[in-house]
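Please keep the sequence and the model in view while reading the points below.

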Amino acid sequence: MKCFDIELKKEYTFLGEGDKNPTVTAYLPYNLKEMGRADQKRPCMVICPGGAYATVSERESEPVALKFLNLGFNVFVVNYSVAPHRYPTQLLEVAATFELIYENVDAWNCDTDKIGIIGFSAGGHLAAHYSNAYNCDAVRAVFKNSKQPNFTVLGYPVISADKAIAHQGSFINLLGQYPEGEKAAEFSCECLVSQNSPKAFIWHTVGDNAVPVQNSLVYANALAKSGVPFALHIYPYGQHGLSTVDYLTNNDCDLDSKNEYAAEWLVDLAKWLKIEEII
């Protein structure tokens, strides 16, 4: 396997002004020549870790990447800029990651019909936002042929700026102030869904006290109204930020037998990926 970091500001100088240094960590498995797979094209997963747009979570980075490597993916973890860097910085950095994948399709053995994006918490907002606004004016002003993901995976995502269910700190970190009125709708991903939105796998826990489960419910409802296929898994127990729901990404005191429900998200996702003919 090749594993290397890409400095986005070296590839796209306009992304690196000031002290920004966004990077993408690429994990590229070697093809097995002895099994006749020298030219195998792999599905790709772009990972957006959480962190309330204030930091980029380590436990939602490499540990998640390793799970997708095991499923046969090329994996790209976006270490995107956070506060005080504001929108559209993060959206542009994700767009840049997709550009890199398309520019290196052959060298990296990428299947461009199977490129997905996964996000957790505020990274889930970034993933859902990009999935629906990849071609917005802010992105197209820089990347004229910006690419949409083929599918979206969301783990306990921040979705809505509706104050009744919002994780308000994420929006303040993203924008510098809380969005009100029409601005709130602009950054509420459920309001951006259309019949052209990517199919999605969504999971959340009822016990999430940081990002209410209603965030996943309103996104799923928007997909349903638009006729977009999705899988929604709501597990009864588990705190926010479970990531892979194991001892690699959680302290011993954070896991108990009730978390076994949420640990099934990876099993459920693998089934969905097979049904959708992604793996």
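**Buried residues, cores and a surface patch**

Thr-152 counts as buried, because its relative accessibility is 0% and buried means under 20% relative accessible area. The model described here is predicted. The points below begin with the surroundings of Thr-152, and then turn to Tyr-53, the nonpolar cores and a nonpolar patch on the surface.

**Thr-152**

- Thr-152 belongs to strand β6, which covers residues 151-155.
- A polar contact of 2.8 Å links the side chain of Thr-152 with the side chain of Ser-131.
- Apart from residues up to four places away in sequence, Thr-152 touches Ile-117, Ala-127, Ser-131, Pro-198, Lys-199, Ala-200, Phe-201 and Trp-272.

**Tyr-53**

- Tyr-53 lies in the loop between β3 (42-48) and α2 (62-70).
- Is Tyr-53 buried or exposed? Its relative accessibility is 2%, so Tyr-53 counts as buried, the cut-off being under 20%.
- Tyr-53 and Tyr-80 are separated by 27 residues in sequence, and their C-alpha atoms are 8.9 Å apart in space.
- When neighbours within four places in sequence are set aside, the contacts of Tyr-53 include Tyr-80, Val-82, Ala-83 and Gln-90. Also among them are Ala-122, His-125, Leu-126, Ser-170, Asn-173 and Leu-174.

**Nonpolar cores**

- The largest nonpolar core has 58 residues, of which Phe-76, Ile-117, Tyr-130 and Tyr-219 touch the most other members.
- Helix α3 (residues 89-103) gives the most to this core, contributing eight residues.
- Which residues does Tyr-219 contact, leaving aside its neighbours within four places in sequence? They are Ala-128, Asn-132, Leu-154, Ile-159, Cys-189, Glu-190, Val-193 and Ile-202.
- There is also a second, separate core of 29 residues, which includes Ile-118, Tyr-156, Val-245 and Trp-265.

**Nonpolar patch on the surface**

- Five residues, Val-206, Leu-217, Phe-230, Leu-232 and Ile-234, form a nonpolar patch on the surface. Together they have about 360 Å² of accessible area.
- Strand β8 (residues 230-235) supplies the largest share of the nonpolar patch, namely three residues.
- Leu-217, a member of the patch, is located in helix α8 (residues 214-226).
- Why does Leu-217 count as partly exposed? The relative accessible area of Leu-217 is 38%, and partly exposed is the class between buried, under 20%, and exposed, over 50%.

Notes
Residues are numbered from 1 along each chain as its sequence is written. This is a predicted model: local features need pLDDT of at least 70, side-chain atom pairs count only at pLDDT 80 or more; totals for chains, interfaces and linings use all residues. Side-chain values use heavy atoms; hydrogens and water are left out. Patches are made of residues with over 30% relative accessible area and no salt bridge: like charges are joined within 9 Å, nonpolar side chains (Val, Leu, Ile, Met, Phe, Trp, Tyr) within 5 Å. Accessible areas come from the Shrake-Rupley method with a 1.4 Å probe; for residues, only the protein chains shown count as cover. A salt bridge is a side-chain nitrogen of Lys or Arg within 4 Å of a carboxyl oxygen of Asp or Glu. Helices (H or I, at least four residues) and strands (E, at least two) are DSSP runs, numbered from the N terminus. Buried means under 20% relative accessible area, exposed over 50%, partly exposed in between (1.4 Å probe, protein chains only). A polar contact is a pair of N or O atoms within 3.5 Å; within protein, one must be able to donate a hydrogen and the other to accept it, and residues adjacent in sequence count only if both atoms are side-chain atoms. Contact means heavy atoms within 4.5 Å. A nonpolar core is a set of buried Ala, Val, Leu, Ile, Met, Phe, Trp, Tyr and Cys residues joined through side-chain atoms within 4.5 Å.
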